[in-house]
Amino acid sequence: MSLISRFKGAKTKFAKKRLTLSLRESLSGAHAETAKQAQDCLAASHRMYQDLVEMAHEGITRVDPEDNLTFVNRQFARSLGYKASELVGRSVFSIVTKATAARMKKGTEMRRKGVKSRYEATLIHRDGSLKQFLLSASPMYGTSHEFVGSMGVYADVTEQKAMEMRLNRKVKQIDTLYRVYEHAKMPRPLGVVLNDIIREIVEAFPFRQFVHSKLIFDGKTYCYPNEPKRWFHKIQFPLVIAGVKRGSLQVGYSKKMPRMSSLDSFKEEHKLTRNVAEILCKHMHARGVLDRYHEIIKKSFTAIIILSQDKILYVNPRFYRLFQCKEKEVIGRSIFTFLPYYNSRCVADGKVKECKGKTMEGKDIDLAIITQRSSYHGKPAVLARINNISALKKAQGRLSNFNRELKKTVKEKTLHLEEANKRLQSLNQLKDEFIAITSHELRSPLTSIRGYLSFLVEEDSLSQISEPYRDYLVRAYSTTDALNHLINNILDVSRLDMGRFHLQKQYTDLIKLTSNILDSLSFQISEKRLELEFDNQTGHEQLIIHIDSIRMSQVLRNILDNSVKFTNRGKKIRVTIKHETNLVSVVVADQGVGIPKAKLEQIFDKFMQVKTTQTKYKGGVGLGLFIAKRIVELHGGRIEAAKNSDGGTSISFHLPLQE
Amino acid sequence: MARISKNIKVMIVEDNANICEMYAITFMRRGFTVYTASDGRSAIQKYHNKKPDIILLDIMMPQVDGYQVLNEVRKDVNTYTPVIMLTNLDADDFSRESRLENIDAYLIKSHHSPREVVDKTIEVLKINNIAVD
């Protein structure tokens, strides 16, 4: 600008000078010296101005009215790759583009009318490249003010233009990026966002009409405006989200243009595409996270509400279902519409509280509510989570009802059981009393009979009685023994049957107990002339075990009574005591009439007596071995019978040593 | 047959007169001093008055039974008087009401002849250092 104005100034001065000189010439033409001086001066001035014109940085031209170049300065010729002499005489249109030529013609017309013009002109370099110039053209007049041509000053703005273009591209790219950001920010369906973005990105590319963009994401392809058959200068970036490649962004050309190669291999576009791809990745990631949270909130079985000053700001879909209402009925309303008993002053402490709620239809529901301090759009708010516990409450109600019923029933049953128990107890008592009274009543007369008879069978008295009464007396006395035995057995059986049989255990020497029993049998033994052998195989004199001594004596007594009863005169009975690791065994083996093998098992049954031809009725009711078996079993032992090799029977019982 | 010092006092508590007499005869023949009581109340009275050396005690008696007599005798902490239960109840029935540790012997009347009862009594007396030959 400053150059042009300076040049303008110089030109005006130059015109004035010439005017003054010609005046002087005409006034004093004769004065030769002065004229010579003046001529020298003029030549110096001419040289000076010529230098000025040649040295200028702008191109300076002069054209005649037909727009043929009449003068070009060196700068002008150089900037187009010519020599000044090559250009002079040529039409100016031969070195400009068509568009500029048209513009120039218009300018010439204007200048004829005395109007200066200033515009951008595109000139063609000798090598064919285009150069941008800012052209200031002004009309030139002859001495008689006729139009003699124009003078043009060309300022080279090619670089400036290129800069401008680059700047424009940059602005476009930034603009595109900004818009891509905007798209990515908008909460719209993914497809719409991606379509918008690929549309935006092509805007930033030069040769706009041939640009195509393509985006592949999660198997779906988005193209704008369509997918070209062939790609040229394709720029491609992968879309990697959270370390997983999920697609790619591609931008390129469907046509190859010769001028494309001059665009420094799309460095800027590369950068842009990469930035867009990065934005896309971030957007997808954020969208994924958001979608996840959105899904959780949407599908949650807990109603979620955000409140501020008891006004509802947000609810999730579950809330609508819970309270049977629509979205527009909820937002902005007071929480008390739905929770009439909500206490806004209660601390939002994150603890579960139970609360009654009311649906839009006025139905009461039981709720569990948790409130927490939170914020909504930067302002303090309360986050409330509500669960429907109506079903739970109902179930609880039913359960407590059921419990009540159950308790009632149990109480009734317990009462019945207690009564039954009482009855059973009294029954047991009756049984005990029955046994006690029976034994007492049966034994009392027997005591008298036996006692008084015992006086008579004592030797002093017996000697005073004559035969055969003496024998009768002895028989009567010994029969009372049998009767006593029978009564005891019957009482024991009834005790066993009624479950009123108890052991009185104490530590007892089994060897002494056995030999005492054998001693007490000596009368019957000697009467039957039997041989009795006691074999102590324990290796000890004593064998202390924890048993009911009276009952154990009864066992031995009952077994031996049987043996004595069924063993014929002169035969042998052998009693053996053995001590094994944790068992004590007592075996009573006789040489009696023996028991058939088939009957061996049955001899311990109640009222069992084996009847064969050899065994006539020998008295007794068959209770002895039954009682013996039961007593042994009550001691935790077992009893068994076996046939001896010599035909007799052996009864053995085994008692555990440890309890 | 060893004669026992007349100083030994035996109290027979028995409601059945026949049986009571039977034992009384036997003990007297053996030289004991015999007191008899036909029910629990007189037995307790006689225990306090006569201070017997040993008691033969029946259980089933009218009004005051043998258990009550036993309790009364065992209440006296100054003297220990041996007690032999002489009854027709089984030991099972007895241990429902009292404990075998409270007594010195348990005899069933129908099992033991009067002579055996006296023998057992002497045995108990010897154990308690009362009997003198």
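pLDDT is the predictor's confidence in each residue, on a scale from 0 to 100. I need that first, as this is a predicted model. For chain B I read a mean pLDDT of 87. In that chain, 93% of the residues reach 70 or more. I also noted the scores for the complex: the ipTM is 0.85 and the pTM is 0.46. A reminder to myself: where pLDDT is low, the predicted coordinates should not be read in detail.

**Chain B, the sheet**

In what order do the five strands of the open sheet in chain B lie? I traced β2-β1-β3-β4-β5, with parallel pairing. At the edges I found β2 (33-37) and β5 (105-108) of chain B. Each has a single partner strand, so one side of each has no neighbour in the sheet. From one strand to the next, the twist averages 20°.

Then I picked one pair in chain B. Strand β1 (residues 9-13) runs parallel to strand β3 (residues 54-57), and four bridges join them. Opposite Val10(B) I found Ile54(B), in β3(B).

**Chain A, helix α12**

I checked the length of helix α12 (residues 469-498) of chain A. Its 30 residues, at 1.5 Å a residue, should span 44 Å. The end C-alpha atoms are 43 Å apart, which agrees.

Which residues of α12(A) are buried? I listed Asn488(A), Asp492(A) and Arg495(A). Their cover includes α10 (390-457) and α16 (624-634) of chain A.

Last, I looked just past the end of α12(A). There Gly499(A) takes a positive phi of about 70°.

Definitions and conventions: Residues are numbered from 1 along each chain as its sequence is written. Chains are lettered from A and ligands numbered from 1 in the order in which they are written. This is a predicted model: local features need pLDDT of at least 70, side-chain atom pairs count only at pLDDT 80 or more; totals for chains, interfaces and linings use all residues. Two strands pair if DSSP finds at least two bridges between them. Helices (H or I, at least four residues) and strands (E, at least two) are DSSP runs, numbered from the N terminus. Axes are lines fitted to C-alpha atoms, for helices over the stretch in contact, and angles run from 0 to 180 degrees between N-to-C directions. The expected span of a helix is 1.5 Å times one less than its number of residues. A residue is buried if 20 or more other C-beta atoms lie within 10 Å of its own, exposed if 12 or fewer, and partly exposed in between; C-beta atoms are placed from the backbone. Two residues are in contact if their C-beta atoms, placed from the backbone, lie within 7 Å.
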